[in-house]
Amino acid sequence: MFTQTVDLAKTSVRELNQRLHELDAERDEERWRILNPCGAHAIACGLRVPVTVEIEGHAGYYCAGMNQKATVIVHGNVATGVAENMMSGIVHVHGNASQSAGATAHGGLLVVEEDASARCGISMKGIDIVIKGSVGHMSAFMAQTGNLIVCGDAGDALGDSIYEARLFVRGKVKSLGTDCIEKEMRPEHLQLLETLLERAGSDARPEEFRRYGSARKLYHFQIDHASLY
Amino acid sequence: MGIEMLPGVRESATFDRHVICEIQRAADTGLYDIRGWGSKRRLPHFDDLVFLGASMSRYPLEGYRERCGTDIVLGTLHAKKPIRLQIPITIAGMSFGALSAEAKESLGRGASEMSTSTTTGDGGMTAEERRSSKILVYQYLPSRYGMNPDDLRSADAIEIVLGQGAKPGGGGMLLGRKLSDRVAEMRTLPGGIDQRSACRHPDWTGPDDLAIKIEELREITDWEKPIYVKVAASRTYFDVQLAVKAGADVIVLDGMQGGTGATQEVFIEHVGIPTLPALRQAVEALVEMGMHRKVQLIISGGIRSGADVAKALAMGADAVSIGTAALIALGCNSPKYENDYRKLGTAAGFYDDYQDGNDPAGISTQDPELAKRLDPVIGGRRLANYLRVLTMEAQTIARACGKSHVLNLEPEDLVALTVEAAAMAKVPLAGTDWIPGASRKADSH
């Protein structure tokens, strides 16, 4: 099944990443298995070919950072900044994610089977994120575009200073951040949810979610809105 | 007759004309003043230092005959591919958005002609900028606007920006009225809205995290690129040491005279410390760690002449970076556009409304008609000329101090003209052996 197995107890992250970076873009049948990650940082970051990498254990900061085209599957938890600035591809975490999951990412799909901590989707720029558990405070802070789907609850200040990103939460929202409001759920949003939930392997039903987005009051500095800043 | 000549008229030193005007403006609008440029008030600076040219105790090198090197290498500590520059003067990061595409191309052309580097800014890298810049440093900013791993890999170095001398801790704002569709698209935001540039990074906090972030950037680029860390001058000693500990190859230090595209006046004039003391603190921090010259130091904030370059190097910097001066070289505040400046309520030599996008010189604008006024070929040539002059001036001074390379200049070549500058630069007050605050007297013999 796997074309390569790399044991990080014997091989450095540097050597692993170098080998992954040197992969031929045409060989998309590559399927790598990583053993003993032991929380190491920057595992499988900067990939740019459609390889599949499965990590057997917990990964540290910036796992699959800046991913392009690759599929990275983590059978464990991940630390800060999983899939940060991802451009395309899929990152699937079968565990919990620490803060800033999917931060600033421009594209691709990030799925977290359990909870994600604070600032999930911060400054997101086009990524689709599906969190099957809950997210922490300040999630989707300054989120620009893309979709954040939370099947559980959201912490304080959800969507603070949000631009055009769409937020969907099935559970409770502790509080909304500045300029973030609840919005009407229209048919196109239900369709979008159905598609993304299906891609993420979730059996949640779209009609159980509520939608949040920008009130667009902060788009231009106005003295009358000074109390919001 | 000027108002100053009227008998009995006395201007308040506390409430001078500028202060009165600002209070009245604030009362009229309810808004604080936002402008470009950098600090405009008098600050202790390189002007307050002079060189001790060679005479009996030191011998000088022959001008125009004996070689005085200016080449430098940056990023020697960890990067597989350090940057080699022919002159110790680089172009500071300025965004496409704050500046026109023509201005960015001009900067690239001028820097490339002199075999030095230019730097991207908030909003990412444009294809024109990459093409026109032989050596391009890619800024990695909190907003991550336009951040793209392909651009990261195509850059020659990466500069992680923590702050800017004009606004330490402040982030930034590109006002909607200055926004073109192209700039908005690069930033993945709707056109015409104010675009906030965040003041802190979204996925790391503090020096321990920064070390891991640097590791990630090195991994993504296969350890080829030098990693710069840019800090604003404030708690400089600690910031420099923490940045070095986090793994920086190069420290970029921006003093409070450093320029900005748009910042609150109160921020520009009242937050951060001047370039002079910040530079000395940074060098002390590096020396104490045994990393001086191993981690290179680039200083910016008010560099205008070859004398400033030479003084910065003598104090221990490896290179300087210029922003405002480079824009002036391109034509910013040129008397050629005096009538246009007057229409904007200002004059050549005073224009600082970079935030409005109405720059008559076509530099800090996205208006295509104004931008056309700047020919990148001519702009590039003007910048190269200016860089050439700065370099020759620095060499002239270095030779006069007996140095065969500008990096051989040293603090012992300098004295201060004011007590403040002596204390801040930790060089003796001219004609004395006194360094205010130093534990022992300088050896002036």
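The domain assignment, which is automatic or taken from a database, divides chain B into domain 1 (3–35), domain 2 (38–409) and domain 3 (415–445). This is a predicted model, in which local features need pLDDT of at least 70 and side-chain atom pairs count only at pLDDT 80 or more, while totals for chains, interfaces and linings use all residues. Residues are numbered from 1 along each chain as its sequence is written, and chains are lettered from A and ligands numbered from 1 in the order in which they are written.

The centres of domain 2 and domain 3 of chain B, taken over C-alpha atoms, are separated by 29 Å. Nine residues from domain 2 of chain B and eleven residues from domain 3 of chain B take part in their contact, where contact means that C-beta atoms, placed from the backbone, lie within 7 Å. On the domain 2 side, the elements giving two or more residues are β2 (49–51) and α9 (275–288) of chain B, and α9(B) gives the most, with three residues.

Chain B as a whole has 15 helices and 16 strands, counted as DSSP runs numbered from the N terminus (helices are H or I with at least four residues, strands E with at least two). Along its principal axes, the C-alpha trace of chain B spans about 70 × 60 × 45 Å.

Chain B also meets chain A, with 37 residues of chain A in contact with 20 residues of chain B. The elements of chain A that give two or more residues to this side are α1 (13–21) and β7 (125–131), and the largest share, five residues, comes from α1(A).

Terms used:
Contact = placed C-beta atoms within 7 Å.
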